[in-house]
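Hi there,

Here is the structure I promised to pass on. Please have a look at it first, and then read my notes below.

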Amino acid sequence: MKMEDIKKSHHEDVCPSKKGKLDLDSARAHIAAVQGPEYWRSLEELAGSENFQEMLHREFPKGASEWLDTVSRRGFLRLMGASLALAGMTGCTKQPLEPIVPYVRQPEELIPGRPMFYATAFTLSGYASPLLVESHMFRPTKIEGNPEHAASLGAADIFAQASLLDLYDPDRSQTITNLGEVTTWGAFVNAIRGPLSTQKAVQGSGIRVLTQTISSPTLAEQLRAMLQFYPQAKWHVYEPVNRTAVRAGARMAFGQPVETYYKLDAADVVVSLDADFLYAGFPGFARYARDFAKRRDPDGNMNRMYVVECAPTSTGAKADHRLPMRAVEVEEFARGLASALGVNAGSGTLPGDPQKFLEAVVQDLKSHRGASVLIPGEHQPPAVHVLAHAINEALGNVGRTVIYTDPVDANPVDQAASIKELVGDMRAGKVDLLVILGGNPAYDAPADLNFADALKSTNIPLRVHLGMYQDETAELCQWHVHEAHFLEAWGDTRAYDGTASVVQPLLAPLYGGKSQLEVAAFLAGQSEPSGHDLVRAHWQKQHPGADFEGFWRKALHNGWIDNTAFAQKTVKFTNSIPPATKADDKVEINFRRDASIYDGRFANNGWLQELPKPMSKMTWDNPVLMGPKMAEAYKLQSKDGVELELNGVKVRSAVWIQAGHPDNSITVTLGYGRRRAGRAGTGAGFDLYPLRASGVGDFTTGVQIRATGEVYPLASTQGEQTMDTPTGARPLVRAASLDEYKKEPEFAKEEEPEPELTLYPGQKEFNYKQETYAWGMAIDMNKCVGCNSCMIACQSENNVPIVGKEQVIRGRHMHWLRVDAYYQGDRAAPRAYFQPVPCMQCENAPCEVVCPVGATAHSTEGLNDMVYNRCVGTRYCSNNCPYKVRRFNFLLFQDWTTPQLKMMRNPDVSVRSRGVMEKCTYCVQRINQARIDSERENKLIGDELQTACQQSCPADAIKFGNINDPASAVSRLKSQSRNYSLLADLNTRPRTTYLAVVGNPNPELES
Amino acid sequence: MQIFHRSTNTISRATIFGAIFILAAVLWACIQFQRSPYVTYAGVARPQPAPFSHQHHAGGLGIDCRYCHTSVEVSSFAGIPPTKTCMNCHSQIWTGAALLEPVRESFRSGKSLVWNRVNDLPDFVYFNHSIHINKGVGCNTCHGQVDRMPLMYNYASMQMEWCLDCHRAPEKYLRPRDQVFNMRYEVPSTATPVTFNGKEYKDQTALGLDLVHQYKLRSVYDITSCSTCHR
């Protein structure tokens, strides 16, 4: 850097958010002039912009270490001087007396100091994630997948894991309210009893119950019992992200709403039509990710995946061939595919590239009959699902890779029609008692129905809302009943294959809330229903034998009920493919569930809000995603404010340029812009529901985009913590095709410096080989699906705080483990790779030698220990870390006061305070516990020891263990030829290594 | 012009010279203060809701440590007995004793007794009882002669130097596993030899080194790694 440049940069604003915009003109010029890097994380990096170069050389982004609060620098120094003097004094205070409170009667199975694990299940939109929940003295502290359940195999998705934070959310609704006044369950019962008996006289014709998608057998039974009790009452179902199109497609194809699930381990060719099946929220995701990853071993029988999709997803990133395509055109593609495979589906010739892509897919599918699978996305219209059913049948996949069963959903109605009918009845004055069991329709119902207005302006005498939050809907109902969290109440649910699980609570309701089941049973005429008795009674009916007690205990212990998976169904294709609709050329808008906060229900969950979305690495926001070319045409840059207009409704948002997004199409995600979410969610992002009227569905065309001229700060971590690869060094991501790998299996290897190479001659090396244990980790990038499960697992296990949007913009986010997304090639259709980056635990750790107080030091087992109580916060270590994995508590990010959050923390890990550096320790608390247990039992630790990230990985991509044991899983992975270290030329000798990516591209599409 | 008298030279010299000693003395005083029972509570009994006597129960009646501290062999935490454990006996004996009223009250009302923690390590230290018991560290090695304490106090400073004293040379303190809960255990000497594995030891170091080997203690480097106790 020249002197003038340094001066210039000193004068620039220290806040990067104000200048962090990509100058497209200079970027274009730059791309034309120089060859960019082969792999890039952000468009800035591709263009080699100055901002990026600067970011690269910095420990934290510019401004991260500046004091930008209202207190002036001088004022701060004054305060600091005083606090330093006082801090010296606090060192001399003696430890206060600490109370210790034993039980009066200690529960028998409890061993204080040791966690217990209970099997239960989390349900999202009707589909269960089977769980094993860790409990310390009966406080749930960590949610993991149930390793013995076939739908989980140990993995839990981000939503299931982060639901722990919801349990302890201090903003949760804590009481029953009537017109905003705190009241009691008794008062509610009294208030509703009269109207209920009035309704009994008219057979309940004024009763309407609105639920979300329900798969719970007991809850469905109770609701049906209520409908029997009040024959004229109606049960409506609505959820903004639903599978109505999937059911409609199945009805068209087979005359019944069957459930489809897939056996990906048996599929050689996988084709996704806009289906994001390798990400949380897709039913069966955990199992699919495992089965898919199993077939990505280049030494085994590798599968090949084609993805045709609109918004870039992590599933698309895993594809061997991805075709960016507007969502409206996917139907045409499906028709083309169907016709070429002998299904009578009308015309289907696509122009240019898609046709070439289609022909290649057809050839591949034809040569893998019975061992291929076509997966349609749930937001595609029913016609695409019908075509997919037809194609899967034509290929002979049904029964092999595609399985049909009864629907998991207990009431598979058309949800859009259901809510429309309800609002119609409300406006017609037919509703006397409206009970909303969960959900937030005032916020997320189709905009044209104006559900909030229907609640407000019609005179429904009694409106009851059961929910976890005092949300937008609770506000408009006279009665709000606080709902119990699933870890507080009994229930049951079904996994994607129909396997039923009992939802077992881990603690009594913190605020005495009621479950949906209990309220439904109350409506069905039971006076004091207990969730436990209801669930037990239901299953006793299914299993009436004398051995019920044993059956029940087994179901609770295992986390599932034997022989409840739905039987495979044989269905007959009726061959009624709907006629083609021609896609128009107007600008398309896609409404997708958000990768982090789903449909808005997790809006107040800080872990999810701050979780970088897989492709854009966006946190705390939902900008409009737009392809680079389209953005140029509209003269828009990332962070530019825009106004979207659809059918006369206008909504403001900001733009984020997303490489790989097809042109003439934009994608927005739902769930943001909440008015009454809580301290984390209220006001974050933009509410896009107003654009989504009932006819719109998940995508439509005709949206108009106008720049507003504003600039909106967006907190994307893309490009933060970029590792600096010197010119000429091997890139951090290494990839080859299967053919290249077969020819040169060692392609990822590079010449590493001699271990003895050191500036300190005579220094004796510690011989780690002599130790019993040497901990190491290997991450198979070929398996990693970028689902972020590891990040939430790490956050939960290690008490990692969240920092908020403003702090993320400054690069101060605290995730110990990040998942870097790298792109390669054309901006319009790049390839993408995921690289989870925890601490490398270097044997020659650059961070250790610079610590002036010895707060970071090496353990004999090769861990780069971090001693929080010794750290004085010089940040020299993170300055010297080439992998940028150290995180600094610039402010007091951890909540030290909220009592609920104290209950949530892992008691085996220190809670860090301000001014302390922290980082991944390979979950040293788990290592220590395993070591102590194994030493007591006089045996060696085997592969049963898992780090939190490894445990939660659905793709089984992370292996951790003893690298001194050649038989351990991690050693076997590290001995593969694909194994390589990041920045190996620095001679840091990292213990975390990566397995290079080997794709399986179709030679016909390689150009 | 001479303002100060010549004699002030001596005074100033003495002051400069003395300052070193004064500063050293202040420093020494600070360090001693930090290690004093005033700060560490070593040897100081803390106020408790009921005057429980280990001397009476463990020493006089000979109740094993593990009758109350049930999880000491399997968990990091030794366990504080629930009120129920007290009432196992005290529903039969001393049923009317006034001193036991807080215990009976707790049992009646279901409200826990709130004790003051005696052996209190800082929160950033992750100590595990089970592994120490397993490797032959006696209860009274750290807790002192609990059976002679009418009121409980911590015997040691519980400061890091005290931990490291043993972690740097465990052979100085280890004893055979079957002697861990023996409050009357005497370190081996010619007068009180200790038998282990059929061999008689008259010297702690010899016994300690054999135990280190026999109990597969990790090396001193291993057990002084930071993450052994801090995480």
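Strand β2 (residues 99-100) of chain A and β1(B) are joined by two bridges and run antiparallel; strands here are DSSP runs of E with at least two residues, helices are runs of H or I with at least four, and both are numbered from the N terminus. Strands count as paired if DSSP finds at least two bridges between them. The bridge partner of A:Pro99 in β1(B) is B:Asn116.

A word on conventions: this is a predicted model, in which local features need pLDDT of at least 70 and side-chain atom pairs count only at pLDDT 80 or more, while totals for chains, interfaces and linings use all residues. Residues are numbered from 1 along each chain as its sequence is written, and chains are lettered from A and ligands numbered from 1 in the order in which they are written.

Back to where the chains meet: chain B brings 38 residues to the contact and chain A brings 34, a contact being two residues whose C-beta atoms, placed from the backbone, lie within 7 Å. On the side of chain B that touches chain A, the largest share is that of α7(B), with three residues. By class, this side of chain B has 16 nonpolar, 16 polar and six charged residues (nonpolar: Ala, Val, Leu, Ile, Met, Phe, Trp, Tyr, Cys and Pro; charged: Asp, Glu, Lys and Arg; polar: the others, Gly among them).

Within chain B, helices α5 (residues 83-90) and α6 (residues 101-109) pack at about 115°, their axes 10 Å apart. That makes α5(B) roughly perpendicular to α6(B), a label for angles of 65 to 115 degrees. B:Thr83, B:Cys86, B:Met87 and B:His90 of α5(B) make the contact with B:Val103, B:Ser106 and B:Phe107 of α6(B). Of these residues, four are nonpolar, three polar and none charged.

Chain A has 31 helices and 41 strands, and 55% of its 1007 residues count as buried (20 or more other C-beta atoms within 10 Å of the residue's own, all placed from the backbone). Strand β12 (residues 304-309) of chain A is largely enclosed by the rest of the structure, because six of its six residues are buried. A:Arg304, A:Tyr306 and A:Val308 lie on one side, and A:Met305, A:Val307 and A:Glu309 on the other. Five bridges link β12(A) in parallel to strand β11 (residues 269-273) of chain A, where A:Val270 stands opposite A:Met305.

Best wishes

Definitions and conventions
Axes are lines fitted to C-alpha atoms, for helices over the stretch in contact, and angles run from 0 to 180 degrees between N-to-C directions. Angles under 35 degrees count as roughly parallel, over 145 as roughly antiparallel, 65 to 115 as roughly perpendicular and the rest as oblique. A residue is buried if 20 or more other C-beta atoms lie within 10 Å of its own, exposed if 12 or fewer, and partly exposed in between; C-beta atoms are placed from the backbone.
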